[in-house]
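The sequence and the structure are shown first.

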Amino acid sequence: MDLALDEARKGAAAGEVPIGAVLVDATGQVLASAHNLRETSSDPTAHAEMLVLSTAAQTRGDWRLSDCTLYVTLEPCPMCAGAAVAARLGTIVYAAPDPRAGAAWSLYNIPQDARLNHRCEIRAGIRTEQASALLSQFFEDRR
């Protein structure tokens, strides 16, 4: 999660909402890391989670990431939670809950929905205070 928080800080420095993500394989090797790039790229899908899933799949030459763990500083939104399921991701670990758009527990639980063809393990609340502080400070500075 420390690496994801570092990515979030890089995002904030670039004027992006400070959300960072890191994808690691079963051996602990980092396959990809990213921060949000929606503003920089003018791409609504350029969430940190989407970027690491795409990069890791391209690097591996395989869209199936079942042995991987996604570390992200904010609970994934519906798009990112759906992408995690589509990638057959093994585990999602997130720091701060997102009561307005969270789709890995807060509003929905897409990664564990029994109606879907795959379920991801979810672990929440890892380094919540640090991730929440980054987000709060970012938006406070914008006001």
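Predicted model: local features only at pLDDT ≥ 70, side-chain atom pairs only at ≥ 80, totals over all residues.

On α5, the exposed residues E129, E140 and D141 sit on the face turned away from the buried side of the helix.

**Helix α5**

The helix has 15 residues, and the distance from its first C-alpha to its last is 21 Å, close to the 21 Å expected at 1.5 Å a residue. Which residues of α5 are buried? They are T128, A131, L134, L135 and F138. These residues lie on the same side of α5, because they cover an arc of only 140 degrees around the axis. The partners against which the buried residues of α5 pack are α1 (2-13), β3 (69-74) and β4.

**An aromatic pair**

The count of aromatic pairs comes to 1. The ring centres of F138 and F139 are 5.1 Å apart and the ring planes stand at 85 degrees, so the pair is edge-to-face. In general, the distance of the centres and the angle of the planes describe a pair of aromatic rings. F138 counts as buried because its relative accessibility is 7%, under the 20% cut-off. F139, at 35% relative accessibility, counts as partly exposed.

Most residues other than glycine have a negative phi. R88 has a positive phi of about 60 degrees although it is not a glycine, and R127 likewise has a positive value, near 65 degrees. Where in the chain are R88 and R127 found? R88 lies in the loop between α4 (78-86) and β4 (91-96), while R127 is in the loop between β5 (121-124) and α5 (128-142).

The table gives the relative accessibility of residues discussed in this report.

| Residue | Relative accessibility | Class |
|---|---|---|
| R88 | 24% | partly exposed |
| R127 | 29% | partly exposed |
| F138 | 7% | buried |
| F139 | 35% | partly exposed |
| L107 | 43% | partly exposed |

**L107 and its surroundings**

L107 is located in the loop between β4 and β5. Leaving aside residues up to four places away in sequence, L107 touches P99, R100, A101 and G102. The C-alpha atom of L107 is separated by 25 Å from that of E39, and the two residues are 68 residues apart along the chain.

**The chain as a whole**

How many helices and strands does the chain have? There are 5 helices and 5 strands. Their order along the sequence follows the pattern α-β-β-α-α-β-α-β-β-α.

The C-alpha trace spans about 45 × 30 × 30 Å along its principal axes. For 143 residues, a compact globule would have a radius of gyration near 15 Å, and the 14 Å of the chain agrees with this.

Of the 143 residues, 46% count as buried. What share of the contacts between residues at least 6 apart in sequence joins residues at least 24 apart? The share is 58%.

Technical notes. Residues numbered from 1 in each chain as written. Heavy atoms only, no water. Helix = DSSP H or I, 4+ residues; strand = E, 2+ residues; numbered from the N terminus. Buried < 20%, exposed > 50% of the residue type's maximum accessible area, 1.4 Å probe, protein only. Phe/Tyr/Trp six-rings, centres within 6.5 Å; stacked < 30°, edge-to-face > 60°. Expected span 1.5 Å × (residues − 1). Arc of directions from axis to C-beta. Contact = heavy atoms within 4.5 Å. Rg over C-alpha atoms; globule rule 2.2 N^0.38 Å.
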